[in-house]
Every structure is written in structure tokens, then in C-alpha cells.
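Here is a short briefing to read alongside your structure. It starts with the chain as a whole and then settles on one helix and its neighbour.

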Amino acid sequence: MELNPKTYEPNIELIEFVKRYWTLDGEKENIPLKNTIVPDGTMKLIFHYGDTYKHHSQNGKISILPNCFLIGQLTKPYVIEPVGITGSFVVQFKPNGFLPFTSIPIKEMENSAVPLDILFGEEGIKLSNQILNANSTSERIQIIETFLLKELADKRTIDTIVKSTVETIFNRNGQFSVNKFSENNNINRRQLARKFSSTIGLSPKQLAKTIRIQTTLKVLLNEEITSLTDLAYENEYFDQAHFIKEFKEFTGLTPKEFFGDSLKMSLIFDKK
């Protein structure tokens with residue numbers, strides 16, 4: 001059995017907040033022993049209806065992830081390892097989309113797996129059980145959308161300046177100047193940084209770096225690259241050394257080390 005990732009669009013009422021849903025199914029032998037999840041600027045609710053995963057921290061500590069949790073904003077590579085059969089349902093939020101659903105400050109969840117009982121209390125436990133016991137992806141989507149729409153009622157909507165900034169960063173594939181954007185939109189740079197920190201958990205510069213490395217990774221995956229120097233300049237890095245430094249910051253590896261199965265697995269988490 002091979003890995004079988006599938007993606008699904010959210011309900012129109014949630015499209016401002018949810019980027020997409022996706023599922024991943026596969027046997028342990030079809031998944032690399034260790035898989036690096038590369039930061040992509042989004043937070044995700046993850047439900048393992050198959051077996052769970054181990055997390056390998058950068059200090060060498062190994063922990064077992066919960067069956068159901070939220071993964072906060074990542075600012076560094078997140079290394080996981082399958083325990084058995086993979087069966088996962090994931091709700092991927094837009095960079096600024098999770099704020100209306102949490103009572104915990106976004107920044108406090110950075111690089112962390114937060115169990116749903118901590119995030120949502122008794123309702124989180126109930127949601128976990130419903131998702132894990134569902135018989136199909138369509139049923140899981142219906143359950144999570146009912147939950148999210150209920151949580152969304154009477155809560156704040158997305159900040160328009162943050163939304164506009166996020167869209168600009170994505171449209172430009174991370175090639176983004178905070179100073180120029182602030183000047184063109186008549187917004188104080190520090191004010192924008194504060195809004196981003198509370199809404200997304202990243203600064204505009206951090207999100208831009210994240211999207212730029214994701215764009216670069218997709219080029220590496222989908223095109224035949226003959227020169228890393230050309231790739232660096234194409235994505236507006238200062239030089240090859242700058243490119244390699246940022247690449248290693250987000251993946252834990254140099255570009256040459258990252259070629260192969262680990263690259264393909266990592267990009268399952270953000271194909272488009």
C-alpha cells in the first residue's frame with residue numbers, strides 16, 4: 001500500500017479561516033523512518049485515526065504525540081517518525097485563520113503539539129472521539145465544520161490589514177519587504193508586527209521567509225535543478241551562502257542533504 005494523500009475544500013462559511021482539509025493513509029514501510037515537517041506558515045489540527053507518531057526534538061528527546069492535537073506555528077524543522085499504520089485527518093488553517101478558535105495566545109503554541117483537551121476542554125475530548133470514530137472523510141469534515149462554526153459564533157473576525165499582508169506575502173512567494181509594504185499601506189511597522197504576533201504567531205518577516213523556503217522546496221521537488229546558485233538568485237536570496245543558511249534553518253539540512261525521499265514526504269504537507 002502506498003501513501004495516499006488527498007485534499008478537500010472547506011465550506012464557504014469557513015473559507016476565510018480554513019485553507020483545506022487533507023488525509024494521509026499508508027503503511028509504516030512506505031514512510032521514511034524519520035520525516036521532517038518544514039514550517040509552512042500555517043497551524044493544523046491533526047487527528048490520527050491510525051497509529052500515532054513519535055516526535056524527535058532537536059535536543060535528542062523522543063516523545064509520543066497525542067492522537068489528536070494542534071500543531072502550533074513552526075519556526076524550525078519538526079521531525080516525526082511513524083509508530084505503525086498512518087491514518088491522519090488534518091485541518092489546515094490559513095496563517096491568520098486560527099485566532100477566532102483559541103483561548104490560548106497563538107505565540108504560546110509555537111513549535112508545540114497542544115492536546116485538544118487543553119485547547120478546548122471537554123468539547124475537545126468530545127470532538128476527538130467523534131473524529132476518531134467516524135467512518136469516512138466526509139463524516140469527519142461534517143463533524144469538524146459543525147464544531148468550528150459553533151466556535152466561530154459571536155467571535156472576532158480576521159484583521160483586514162493582517163489578511164492583506166498575508167495575501168501579499170503569498171502572492172509574491174515570500175519575496176516581500178516589510179518596510180515598503182508599511183509605507184505603501186500607511187501602517188506603522190511595529191504595529192503590523194504586533195498584530196502579526198497576536199494573530200499568527202510570526203512576524204511578517206518570519207512568514208515571508210517561511211513562504212519563500214516553501215516556494216524553493218517546491219521548485220526542488222518539481223523541476224530539474226542544475227545549479228543551487230541559480231536557484232538562490234531566482235528566489236532573491238543575497239547569495240548561495242544566505243540561501244543555504246536559511247534552508248538549513250527551516251529543514252535542518254543543507255539543500256544537497258535534503259534531496260530524496262525526505263523532500264517528497266515533507267511536501268505532502270503543503271502541495272499547493
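Predicted model: local features only at pLDDT ≥ 70, side-chain atom pairs only at ≥ 80, totals over all residues.

**The chain as a whole**
- The chain's secondary structure comes to 11 helices and 10 strands.
- Of the 272 residues in the chain, 51% are buried.
- Taking contacts between residues at least 6 apart in sequence, 72% join residues at least 24 apart.

- H4 runs over residues 160–171, and its 12 residues should span 16 Å at 1.5 Å a residue; the end C-alpha atoms are 16 Å apart, which agrees.
- Val162, Thr165, Val166, Thr168 and Ile169 are the buried residues to look for in H4.
- These residues cover an arc of only 160° around the axis, so they lie on the same side of H4.
- Thr160 and Asn171, on the other side of H4, are exposed.
- Just after H4 comes Asn173, with a positive phi of about 55°.

**Where H4 meets H6**
- The axis of H4 comes within 10 Å of that of helix H6 (residues 189–199), and the two cross at roughly 90°.
- H4 and H6 are therefore roughly perpendicular to each other.
- From H4, Ile161, Val162, Thr165, Val166 and Ile169 take part in the contact, meeting Leu192, Lys195, Phe196 and Thr199 of H6.
- Sorted by class, this contact of H4 with H6 has six nonpolar, two polar and one charged residues.

Key
Residues numbered from 1 in each chain as written. Heavy atoms only, no water. Helix = DSSP H or I, 4+ residues; strand = E, 2+ residues; numbered from the N terminus. Expected span 1.5 Å × (residues − 1). Buried < 20%, exposed > 50% of the residue type's maximum accessible area, 1.4 Å probe, protein only. Arc of directions from axis to C-beta. Axes fitted to C-alpha atoms, helices over the stretch in contact; angles between N-to-C directions. Parallel < 35°, antiparallel > 145°, perpendicular 65-115°, else oblique. Contact = heavy atoms within 4.5 Å. Nonpolar A, V, L, I, M, F, W, Y, C, P; charged D, E, K, R; others polar.
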